[in-house]
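Welcome! Please take a look at the structure below, and then we will walk through its charged pairs, its aromatic rings and a few other features.

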Amino acid sequence: MRAVAPAEGGPGRKDASEAAAPAQGSGQRDAFFDNAKYLAIVLVAMGHSWEPLRDGSRAASALYMVVYAFHMPAFIIISGYFSRSFDAGPGRIRRLITGLAVPYVVFETAYTLFTRWTDQEPDRPISLLDPLYLTWFLAALFIWRLTTPVWRHVRWPLPVALVIAMLATLSPSVGNDLDLQRTLQFLPYFVLGLCLKPEHFRLVRRRKVRILAVPVFAAAVVVAYWAVPRMTGAWFYHRDSAEELAAPSWSGPVMSLVIFGCSLVLVACFLSWVPGRRAWFTVLGAGTLYGYLLHGFVAQGSKFWGWYEPAWIHRPLGELVVTAVAAVVVTALCTPPVRRLFRWVMEPEMAWAFRRDARDQARERSAVRERTAVRE
């Protein structure tokens with residue numbers, strides 16, 4: 001993969017994670033999932049802002065490792081949960097193309113052109129088969145979503161997905177095409193989401209879990225602080241085989257299981273803290289794909305523009321300022337005005353590109369008959 005930064009994260013929205021599904025059939029969005037997506041995308045932006053701060057700061061590296069242990073799994077689990085109804089019907093396929101494939105092509109091209117300038121690589125090729133920076137999530141979600149009908153018919157979907165992920169760590173030959181290594185290693189989280197039911201989310205939102213989450217997260221930070229000089233955080237990116245990480249082959253499957261277990265615990269703790277009622281940021285949960293894809297230009301440009309060069313930026317106060325700026329920027333990029341400005345590329349209609357579904361035509365004819373009957 002042509003990685004311009006080692007840290008990567010993922011979003012969600014109606015067409016990307018189906019998290020805009022009606023709550024309890026009421027036609028209203030579930031505030032809990034919108035809140036979770038917004039808070040997770042803020043963590044993604046913060047993680048990217050910490051990337052240049054990790055050298056020389058063990059504390060920043062520890063926080064970075066903890067965040068990357070759960071924010072992508074949380075996104076992917078939610079994406080899987082709202083993909084349960086995917087049946088490969090004409091309407092679903094159309095939304096899959098307009099909501100994932102088209103933004104992937106556009107932003108893969110845009111990031112390549114932008115990083116030609118910021119990375120001083122004027123000859124960097126545009127390759128739709130080799131996801132650049134943040135676009136890997138769109139390609140992976142496209143593949144996962146297409147396999148949904150298969151997982152619904154498998155007797156033991158999660159164990160099978162875990163075996164696939166474990167075997168992927170043994171295969172450096174999987175290659176970079178569509179970032180398949182990462183797609184396979186993150187697959188169990190998506191399949192887990194497909195298997196979850198509403199009551200499972202209610203379980204992690206109990207008061208006991210919220211209280212228990214405090215010492216669990218504290219312990220995770222302590223362990224990460226200890227682990228920083230002893231292991232590479234690249235294990236949490238899930239994009240390399242064990243051999244590519246200079247580790248023995250047997251460690252790949254073992255680390256897959258260990259990280260999967262640790263990530264699930266931290267995801268549960270994170271979700272336990274997500275408010276279930278509407279808040280000022282709930283509306284921003286519908287625009288997390290916008291914040292995700294657009295903030296990458298700021299993250300890449302900030303290093304080129306020298307924002308991290310002042311010495312004070314690498315001190316505690318500077319690190320806090322960087323974190324706050326990242327949160328503000330990604331929040332602004334999730335707002336309705338930004339969504340309206342970029343909807344033509346993020347959520348294109350493209351009616352001209354698809355055959356009309358017979359069911360849509362039948363509904364239109366029925367509506368015409370009803371209007372005619374009313375006039376008569």
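A salt bridge here is a side-chain nitrogen of Lys or Arg within 4 Å of a carboxyl oxygen of Asp or Glu. By this rule the structure has 9 salt bridges. The model is a predicted one, in which local features need pLDDT of at least 70 and side-chain atom pairs count only at pLDDT 80 or more, while totals for chains, interfaces and linings use all residues. Residues are numbered from 1 along each chain as its sequence is written, and side-chain values use heavy atoms, with hydrogens and water left out.

**Salt bridges**

- Side chains of opposite charge can pair when their charged atoms come close.
- Arginine 124 pairs with aspartate 119, with 3.1 Å between the closest N and O atoms.
- Arginine 124 is buried, at a relative accessible area of 8%, whereas aspartate 119 is partly exposed at 27%. (Buried means under 20% relative accessible area, exposed over 50%, and partly exposed in between, using a 1.4 Å probe and protein chains only.)
- Arginine 202 and glutamate 199 form another salt bridge, their closest N and O atoms being 3.8 Å apart. Both residues lie in helix 10 (residues 198-204), 3 residues apart, or about one turn of the helix. (Helices are DSSP runs of H or I with at least four residues, strands are runs of E with at least two, and both are numbered from the N terminus.)
- Arg29, Asp34 and Lys37 are joined in a network of salt bridges.

**Aromatic rings**

- The whole structure holds 31 aromatic pairs. (Rings of Phe, Tyr and Trp, the last by its six-membered ring, pair if their centres lie within 6.5 Å; planes under 30 degrees apart count as stacked, over 60 as edge-to-face and the rest as tilted.)
- One of these is the tilted pair of phenylalanine 186 and tyrosine 189, with 5.9 Å centre to centre and 55 degrees between the planes. Both phenylalanine 186 and tyrosine 189 are buried.
- One aromatic cluster includes Phe107, Tyr111, Trp117 and Trp305.

**Charges over rings**

- Arginine 54 lies over the face of tyrosine 64, 4.1 Å from the ring centre. (A charge sits over a ring if NZ of Lys or CZ of Arg is within 6 Å of the ring centre and within 35 degrees of the ring normal.)
- The charged end of arginine 182 sits over the ring of tryptophan 136, at 4.4 Å from its centre.

**Cysteines**

- How many disulfides does a search of the whole structure find? The search finds 0 disulfides, a disulfide being a pair of cysteine sulfur atoms within 2.5 Å.
- Cysteine 195 is partly exposed at 35% relative accessible area, and cysteine 262 is partly exposed at 42%.
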